[in-house]
Amino acid sequence: MDTDTAGRRRQARASLDGLVLGDAFGDSWFLRSDEPAEELLAARRPRPAPWLWTDDSAMAFVLFAHLTQHGEVRPDLLAGDFAARYASDPDRGYGPSMHNVLRRIGEGEDWRVVTTGHFGGQGSFGNGAAMRVAPLGAWFGADLAAVVEQARLSALITHAHPEAVAGAVAVAVAAALAASGAGRAVPVRSEFLREVAGHVPSSDVRSGLLTAAGFPDGTSVRHAASVLGSGTHLSAPDTVPFALWSAAGGLDDLPETLWRTVAGWGDRDTTCAIAGGVVAARAGTGGVPGAWRQACEPIPGWSGWTLL
Ligand SMILES: [Mg+2]
């Protein structure tokens with residue numbers, strides 16, 4: 001393995017670690033209705049352990065293990081891998097439509113038929129293809145054509161709608177750009193978001209990124225979440241632009257990025273998984289407090305994590 005490849009794989013591994021920390025951190029902030037959410041968040045006191053990872057991490061592990069084994073996305077095999085993992089551990093917060101998709105693929109139906117038949121033939125435009133893909137972006141790094149194509153292939157297995165694919169491409173490109181810019185000056189937020197958007201097909205996701213790129217400095221999280229959405233609809237367009245806006249505002253600071261991202265509330269495990277995966281591709285996870293690390297459920301060996 002040459003030095004560049006080894007470096008990219010280290011960044012992909014860091015991205016996976018950041019994704020899992022974000023997922024588990026974000027999920028810990030789903031509070032009971034009698035807890036004073038804004039007050040607790042303002043105090044920045046981490047939630048009680050354990051912080052369990054959810055479907056975002058489970059699917060990211062499968063994709064990462066697949067890359068370590070095959071070096072690229074092989075859709076038929078990856079579909080089987082997703083379904084097998086789901087069958088062995090289904091209670092990780094998968095969305096209602098994904099239960100159906102992954103169960104049917106596991107029963108032997110062709111993933112193309114299952115996935116394109118969903119939602120009246122449109123396919124899912126949920127955020128599930130975007131939430132798992134940041135490490136793939138770091139893996140293919142500087143080869144942005146490969147990043148785009150591999151992200152597209154990885155998305156289509158479960159999410160046929162062009163918005164879901166655009167969301168996955170955006171997150172993968174953001175992670176790739178973050179990783180390949182490591183060691184250089186941190187990019188200007190608006191320029192970073194415009195550069196990502198330049199690789200994303202015309203879509204609501206792309207429009208959201210360009211809207212986010214136009215926000216003035218000092219835009220509040222509340223305003224960004226209100227304009228862009230923060231995953232309340234669990235869709236790619238109302239999740240990805242906010243998550244990447246938050247990531248782009250702190251590419252060298254993972255803990256700060258996660259605090260900012262969770263403050264958008266919404267689908268907070270997924271927005272934090274996306275932002276965490278992108279930032280960690282560049283910054284690594286060394287800045288994460290030890291208590292967070294201890295609270296977070298460990299990454300399982302089957303993820304390929306221990307092979308690199
Ligand atoms: Mg989740």
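This is a predicted model: local features need pLDDT of at least 70, side-chain atom pairs count only at pLDDT 80 or more; totals for chains, interfaces and linings use all residues.
## A covered helix

Helix H13 runs over residues 240–248 and is mostly covered, with nine of its nine residues buried. Among them are Val 240, Phe 242, Leu 244 and Trp 245. What does the covering of H13's buried residues include? The cover includes H9, helix H10 (189–197), helix H11 (204–213), helix H12 (221–228), helix H14 (254–262) and H15.

Now return to Ser 246. Its relative accessibility is 0%, so Ser 246 counts as buried. If you set aside neighbours within four places in sequence, Ser 246 is in contact with Arg 189, Thr 257, Arg 260 and Thr 261.

## Two helices side by side

Next, look at helix H9 (residues 162–180) and helix H15 (residues 268–283). Their axes come within 6 Å and cross at roughly 25°. Because angles under 35 degrees count as roughly parallel, H9 is roughly parallel to H15. The crossing of H9 with H15 is right-handed.

Which residues make the contact? H9 supplies Val 171, Ala 174, Ala 175, Ala 178 and Ala 179, while H15 supplies Ile 274, Val 278, Ala 281 and Arg 282.

## The magnesium site

The protein donors of the magnesium ion are Thr 54 (OG1), Asp 55 (OD), Asp 56 (OD) and Asp 269 (OD), and they lie 2.1 to 2.3 Å from the ion. Along the chain, these donors follow the spacing T-D-D-x212-D.

Why does the pair of Thr 54 and Asp 269 tie together parts that are 215 residues apart in sequence? Thr 54 sits in the loop between helix H2 (37–43) and helix H3 (55–70), whereas Asp 269 sits in helix H15, so the pair links those two parts. Both Thr 54 and Asp 269 are buried.

## A threonine and an aspartate

Is Thr 158 buried or exposed? Thr 158 has a relative accessible area of 1%, so this residue is buried. You can find Thr 158 in the loop between helix H8 (144–156) and H9. Not counting residues up to four places away in sequence, Thr 158 touches Met 59, Phe 82, Met 98, Val 101, Leu 102, Thr 115, Ser 124 and Arg 132.

Asp 204 lies in helix H11. Leaving aside neighbours within four places in sequence, Asp 204 is in contact with Glu 163 and Pro 237. From Asp 204 to Ala 225 there are 21 residues in sequence and 15 Å in space, C-alpha to C-alpha.

## Backbone details to look for

Most residues other than glycine have a negative phi, and most peptide bonds are trans. Here are some exceptions to find in the model. A cis peptide bond joins Ala 49 and Pro 50, with omega about 0°, and Pro 50 is placed in the loop between H2 and H3.

Leu 234 is not a glycine, yet its phi is positive, near 60°. Leu 234 lies in the loop between H12 and H13 and, at 44% relative accessibility, counts as partly exposed. Trp 265 is not a glycine either, and its phi is positive at about 55°. Trp 265 lies in the loop between H14 and H15 and has 15% relative accessibility, so Trp 265 counts as buried.

Methods: Residues are numbered from 1 along each chain as its sequence is written. Side-chain values use heavy atoms; hydrogens and water are left out. Axes are lines fitted to C-alpha atoms, for helices over the stretch in contact, and angles run from 0 to 180 degrees between N-to-C directions. Helices (H or I, at least four residues) and strands (E, at least two) are DSSP runs, numbered from the N terminus. Angles under 35 degrees count as roughly parallel, over 145 as roughly antiparallel, 65 to 115 as roughly perpendicular and the rest as oblique. A crossing is left-handed if the near helix is turned anticlockwise from the far one by less than a right angle, and right-handed if clockwise. Contact means heavy atoms within 4.5 Å. Donors are N, O and S atoms within 2.8 Å of the metal (3.2 Å for Na, K and Ca); water is not among the atoms, so sites may look incomplete. Buried means under 20% relative accessible area, exposed over 50%, partly exposed in between (1.4 Å probe, protein chains only).
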